[in-house]
Each structure stands twice: as structure tokens, then as C-alpha cells.
Amino acid sequence: MNDNSQEMTSVKSYGLALHTASPELGLAISNFAGDSRCQTWNLGRDLATDLHQHLVEFLQPQTWADLAFIAVAKGPGGFTGTRMGVVTARTLAQQLEIPVFAISTLAAVAWAVSPPSPLSKGLVREETPLAKGAGRFHSRKNEGFVGAVGAVPPVPAPPTDHL
């Protein structure tokens, strides 16, 4: 009788994150208990060619079976790169039967910057790193992507005493 109890009780404990919304490929993996790593590669137009090889090499020593979920950057960003990341994440998640979460690129940067005090009225104060360019993403046409993040206070109800 084979004892496969170790295989049967293995817990999927890692989350994998993919960022392909820019010419840089970004990968991160964590078990949220101290074992985490991340890496970026400036691949430019080679992103399509090299994405899968970097993903396979980066995952080691973990295996696909160790993944509990996948997170993927959904943009804003370059259309082709973003689409490659979303399709890769979705395909892996379907085959591994795990959830996939799409994360706004701007929201992720804002969360990483974490200003010391709450955002005022949903706007970024001038002295925060986000306001100094950490949240700015450039497009090919010399344009950029900007977004307001944070809690926006509720809009008060209009006064009713005039009725």
C-alpha cells in the first residue's frame, strides 16, 4: 500500500503576482509567512518571447501545485503587454483550478507608496512620493496614466429645507 498522505495534505500556500502592463516584466511570489521574493526584467518588446521562460524559472523551487491564487496587473498600461499577462494568469488559474485577481496598476503603486496619513478627499498630497511621480505611467504617445485612489468621503445629501 502506498502512503501518499504527504501529497494529500499539501497545502496550497503561495500567491503569484504578474505585472506585464509595461515593458518590464514583474513577478512576485509569497506565502505571506516570511517566504517571498520578487524580480523584474526590462524586456521591452521581448516580453512576448521571454515571459513564459522567466515565469517557469522564477517559480522554482516552488511548483504550480503550491499556488493558492494568482494576481495580475490589469492596467492601465500597454495593451499588448497587459493582455499577455491577463491571458497567462487566467489560463494558469483555470488549469490549476485556483482564483485569479485582477489588480489596478495605479492602485498597486498607491498601496505600495502608503502615505503616512490618510488621503485627503481622495487626492494625493504634494509631499507624498506618489505625487512626485511614483504613480505616473507613460504611454508611447508621450502621455501618462493618472488615477485618484483612496477613500473618498461620502457626498452629503442636499438640504431639504427649501422644499
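1. In what follows, Ala, Val, Leu, Ile, Met, Phe, Trp, Tyr, Cys and Pro count as nonpolar, Asp, Glu, Lys and Arg as charged, and the others, Gly among them, as polar. On that basis the lining of the largest pocket has 14 nonpolar, six polar and one charged residues.

2. This is a predicted model, in which local features need pLDDT of at least 70 and side-chain atom pairs count only at pLDDT 80 or more, while totals for chains, interfaces and linings use all residues. Residues are numbered from 1 along each chain as its sequence is written, and side-chain values use heavy atoms, with hydrogens and water left out.

3. The largest pocket has a volume of about 690 Å³, a volume being the space filled by probe spheres set on grid points that are joined across faces, edges and corners. A pocket is an open set of points on a 1 Å grid over the protein atoms alone, where a 1.4 Å probe fits, with protein on both sides within 12 Å along at least five of seven lines; lining residues have an atom within 4 Å of a point. Of its 21 lining residues, Ala17, His19, Ala28, Ile103 and Ala108 lie nearest the centre. Helix α4 (105-113) is among the elements that each supply at least two lining residues, and its five are the largest share.

4. Five strands form an open, mixed sheet in the order β3-β2-β1-β4-β5, where strands (E, at least two residues) and helices (H or I, at least four) are DSSP runs numbered from the N terminus, and two strands pair if DSSP finds at least two bridges between them. Strands β4 (residues 67-73) and β5 pair in the parallel sense over four bridges, with Ala71 opposite Phe101 in β5.
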